[in-house]
Amino acid sequence: MTDKKNNEDSEARWSERAKAWSSTSEKGISKDDTFNQMIIKEVGIQSGEKVLDLASGSGNPAISIASFMKKKGQVFCTDITPSMLMVARQRAQHLNLKTLKFIVSDMQSQPFESEFFDAITCRFGIMFAKNKFNVLKEAGRVLKKGGRVALIVWGAYEENPPFYVPRRAVAKHLGIREGPIPNRHSMAKPGTLEKIMRESGFIRVEERELRYNNDVVDIEEYVIRNLKRSFSKQTNCMTDTEFSLLKDTVVSAWQPFYENNVFSIPNYARLVLGSKT
Ligand SMILES: C[S@@+](CC[C@H](N)C(=O)[O-])C[C@H]1O[C@@H](n2cnc3c(N)ncnc32)[C@H](O)[C@@H]1O
């Protein structure tokens, strides 16, 4: 079970996913920038600061932070998977962000000097580190005194339709099992991340829930992107007709969320804030 889970989260698996992310990512700022803006506000990013973003993947929230700070400061967009960082670089090219740097690094062992950063952010990344304490120990080392941290993890699977709706629809359509709850929800239990932050020596630690509805107008585009990104194993060897039928099934599964001319899709995450003494 553990091996299977680690394999799912391995760098090789993320590299494989990067191909789909490259062909489906927005140019520049994400269409849905809500969680990025929440991080910027809650961690209190100031123009001119040095910010480290961990496990940035295709560039969230690093790109939004660099845009927010305009031409001042420095933002380091980091990830263990080079091909994911290439997607971030492609997206950022459309914004001419000279303050944004891209560094391949494992969040459990930072290549940066001690006491270098004013703030550290991580959106939907820490769940994938084998040793969460090492992530926070290293975060504490590279932060300046008084530096701030904001981490976001996904809330419970059953409260996140963006994940369970397509998984259930795909499983039913293909006659396969839905499978175990993905590792991305492994820190969903309230207090889990807060406890690790406190035990790692951070102060002013506070955990909150973040909920908002993503209003999707073009559900077909949304479903196609999701199928390509998250179900490549199932869809890569499909014919166009097979893919189209699967897409129709998933679009139908979203019908209960249709109201006032949009598909209003609830998202539920947990935010943890803390500071270095
Ligand atoms: C779900 S993506 C999140 C990306 C981005 N922060 C976002 O919100 O869209 C998770 C990312 O974590 C990265 N990752 C996994 N383990 C890592 C590690 N030990 N150190 C740094 N990045 C890691 C993966 O390569 C992947 O790009």
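A crossing of two helices is called left-handed if the near helix is turned anticlockwise from the far one by less than a right angle, and right-handed if it is turned clockwise. I start there since we come to two helix pairs first.

The model on the screen is predicted, so local features need pLDDT of at least 70, side-chain atom pairs count only at pLDDT 80 or more, and totals for chains, interfaces and linings use all residues. Residues are numbered from 1 along each chain as its sequence is written, and side-chain values use heavy atoms, with hydrogens and water left out.

Helix pairs, then. Helices (H or I, at least four residues) and strands (E, at least two) are DSSP runs, numbered from the N terminus. Axes are lines fitted to C-alpha atoms, for helices over the stretch in contact, and angles run from 0 to 180 degrees between N-to-C directions.

Take α7 and helix α11, residues 240-253. Their axes come within 9 Å and cross at roughly 135°. That makes α7 oblique to α11; angles under 35 degrees count as roughly parallel, over 145 as roughly antiparallel, 65 to 115 as roughly perpendicular and the rest as oblique. The crossing of α7 with α11 is right-handed. Which residues make the contact? On α7 they are V165, P166, A169, V170 and H173, and on α11 they are L245, L246, T249, V250 and A253. Contact here means heavy atoms within 4.5 Å.

The second pair is α2 with helix α5, residues 82-93. These pack at an angle of about 25°, with axes 7 Å apart. By the angle classes, α2 is roughly parallel to α5. This crossing of α2 and α5 is left-handed. α2 contributes E11, W14, S15, A18, W21 and S22 to the contact, and α5 contributes P82, S83, M84, V87 and Q90.

Next, salt bridges. Side chains of opposite charge can pair when their charged atoms come close. A salt bridge is a side-chain nitrogen of Lys or Arg within 4 Å of a carboxyl oxygen of Asp or Glu. How many salt bridges does the structure hold? It holds 20.

One of them joins K31 to E221, with the closest N and O atoms 2.9 Å apart. K31 sits in the loop between α2 (11-24) and α3 (34-42), and E221 in helix α9 (residues 219-230), so this pair ties together parts that are 190 residues apart in sequence. For surface exposure, buried means under 20% relative accessible area, exposed over 50%, and partly exposed in between, using a 1.4 Å probe and protein chains only. K31 is exposed at 57%, while E221 is partly exposed at 37%.

Another bridge joins E159 and R211, at 2.8 Å from N to O. This pair also links distant parts of the chain: E159 lies in the loop between β5 (143-154) and α7 (161-174), and R211 in strand β6 (residues 203-216), 52 residues apart. E159 is partly exposed at 36%, and R211 is partly exposed at 43%.

R211 has a salt bridge with E209 as well, the closest N and O atoms being 2.8 Å apart. E209 is partly exposed, at 44%. Through shared partners, salt bridges join E159, E207, E209, R211 and R270 into one network.

Now cysteines. A disulfide is a covalent bond between the sulfur atoms of two cysteines. The cut-off used here is a pair of cysteine sulfur atoms within 2.5 Å. The structure holds zero disulfides. C122 is in none, and the nearest cysteine sulfur, that of C77, is 11 Å away. Is C122 buried or exposed? C122 is buried, with a relative accessible area of 1%. C237, by contrast, is exposed, at 67%.

Last, the backbone. Most residues other than glycine have a negative phi, and most peptide bonds are trans. Here are the exceptions I want to show. The peptide bond from N60 to P61 is cis, with omega near 0°. P61 lies in the loop between β1 (50-54) and α4 (62-68).

That loop between β1 and α4 also holds A55, which is not a glycine but has a positive phi of about 50°. N260, not a glycine either, has a positive phi of about 50°. Where does N260 lie? N260 is in the loop between β7 (258-259) and β8 (262-275), and its relative accessible area of 72% makes it exposed.
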